[in-house]
Amino acid sequence: MPTSANSNHPSRPEDLIGRLNSAHTPYEAKLKALRDLKNQIIGNRTKKLVFLKLGAVPSVVSILSSAAAPQDGGGGNREFHESVLIQSAAAIGSFACGLDEGVKAVLDAGAFPLLMSLISHLNEKVVDAGARSLKLIYQSKLAPKYDFLQVKNMEFLLSLLNSKNEKVTSLGASIITHSCQTAAEQQALSGAGVIKRLVCLLGGSINQKDASLESLAAMVKGNPEVASKFMGPENGRALGVVIELMKDKYPRTRLLASMCLISIRNTSTSYLQDLGIKSALVLVLLELLDDPGQVGDEAPFVLSGLVTEKEDMQKIAFDANVINKFCEHLTAGSFQTKRLQGIFLALSDLCSKLECCRDRLLDLQVLNIVTEALAHDSAEVRAAACIFFKNVSRSVKNLSAGQFMNEAIAVPLVQLLCDSRTSVQYLSSLFWIFRYGYAIEHYNAVTIYLAVGISRLMKNEVAALGAISNVVVNFMARKSVFMECGGVKQLVQLTKSMESAIRVNAVWALKNLVFHLSNRCKEEILLELTSTTLVSLINDPEASVQEQALGLIRNLVDGTLNSIDCVFGEDGELLHAIGRKMRRSTSKVEVQIQGMYALSNVASGNELHKEAVMNQLLPQAVDDKETLLVKFLQSSDSRLRTATLWAIINLTYPSSPNTCHRVNKLWNAGIVSQLKNMVNDPCLDVKLRAWTAVGQLMMYGDAST
């Protein structure tokens, strides 16, 4: 029976791998198979994944290893082996290009040291192929970190930067961009003269310019000393050169020049304060948004870095109609996931401080688009959409109008709290890793891969919690929408997370949810939350969680007597927990402030409540000569002094039956003399509360009479 033509087709992935692996395949045929494989996977993610699944990378690395070994024979044999080196290195680089799975396979197969060895090859084309592939690997987070603090490594890096080969110098700069992360590494590179060499490369080829700009941005980031050296006279007109490159004809060079200038400006507020440069940065990045390729995808992230936490830059961007431009892109249609994520993050930063930016966003009616993004396939896009809602919902005016509390927003936010799409992906990764057992030398790359994935999962939950914390703070009856779609159950579950960032944000969201909530809803939340969980949160190892837990209790007991009663039950377990936390000398002042306000709210209740608070603040048997109240009234933090005064005011409210008895206790504890000293407190709020407290106490005269 004749065989199918397709089954013997030499370009089928299975046939190519077979030819590469077969010991009977002639060397010339293997070289042709390498070329065919490389040509099939270049720019084709689907084909790369097919070949990865078939085990192509180990096969190619094996051929590279054989060709890189010392060879016998004449010139023709050498030329053939050099062709094999070039093609196998190029194929490895193609697998690594833009695909973390490819990078991981390349590293696991042991290609990295082989590619490094090609850098010293006598044939320039072999050097080019090795350098190009290494540079592609170094574009991934999975690439091995280079230790600049070792002398031999620094010498090797300098040899790369001083090479006459353009691709080798670009590789050196890429290694810096990937691996320069600590102040010590920045200082070491600066001390070795790397800045001067990178500045020289700014006058080189387009690849050298771009690689140098990225490296300089990494070196000066967050390091004023290195930034100062870059700006110094020893580097000539380096800053002027970078500013000029913002006008370069190549979009990527303009983007990287902007990124470098932003890194310098963010490092020290004394640099690049000229309004012209700041406006130019915004306009250049605004123009680059229209680029249809990678530059347009990255521009929103760079602009985000320019305006983050900087009100002046947000105002400049607002005046330049950046928000309108972003919204035009959102409404224009579908585009790359990365660009969508970047636009949401940039819009989030733009509206983080200025009400005018939030109003403009709401006027442009893009909330529906962002709401749809909460269900996007990409975890990064979902997290960015949550951050957008978190920042745009900082507007009290729009919160009180109920702009954000509706089912269209609340339901997907709650669903993100139990988002299984990301967690399943990484739990599945764990299963396969431990089921088949990677070799020990590969655990580093595996660990990085999983850490990145788990980090993404955490970011999703934390971002969703941040958005929820804001949108549940409104003054309408719409909070029930969030409760009805299962939000409380999910928040309570997340308060038990192993990650402190998730716990603190979950408790924060609950705290905001119960603010001005009806007694009935508070009771429902307490049934889900339980006093035992609250006590556990008060005693959490993280002070930030303790602070939010006490703030949650403060809001729970704020309001009517019923509010206090529903929390006050179970033998005063919560009250005792608060008292113990307040008496602990290691408690942070923020924790003490929230605890005192919680006690103050309880003290606004009936006689039973007031006496219970007195027993916590002035217990019967006190070993210390200085009571808790005196310590807090003498605190250097005016917020704690104010909170303590409120507690005293509520404890000594004149119309309460047993106020006289409590006043006597306060006189005997030396509280009144301390209060009289506070009527001239430098803090106006403290001064006013002190006058009120003294006035109430003096209504009962001197306790000694």
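Trainee: Which residues of H4 are buried?

Mentor: A residue is called buried when its relative accessible area is under 20%, exposed when over 50%, and partly exposed in between, using a 1.4 Å probe and protein chains only. In H4, the buried residues are Ala 56, Val 57, Ser 59, Val 60, Val 61, Ile 63, Leu 64 and Ala 67. This is a predicted model, in which local features need pLDDT of at least 70 and side-chain atom pairs count only at pLDDT 80 or more, while totals for chains, interfaces and linings use all residues. Residues are numbered from 1 along each chain as its sequence is written, and side-chain values use heavy atoms, with hydrogens and water left out.

Trainee: What is Val 84 in contact with, leaving aside its neighbours within four places in sequence?

Mentor: Contact means heavy atoms within 4.5 Å, and by that rule Val 84 touches Leu 31, Leu 34, Ile 63 and Ala 67. Val 84 lies in helix H5 (residues 75-96), where helices are DSSP runs of H or I with at least four residues, numbered from the N terminus. Val 84 is itself buried, with a relative accessible area of 7%. Although Val 84 and Leu 64 are 20 residues apart in sequence, their C-alpha atoms are 7.1 Å apart in space.

Trainee: Which residues of H30 meet H32?

Mentor: Using that contact rule, Val 488, Lys 489 and Val 492 in H30 meet Ile 525, Glu 528 and Leu 529 in H32.

Technical notes
Helices (H or I, at least four residues) and strands (E, at least two) are DSSP runs, numbered from the N terminus.
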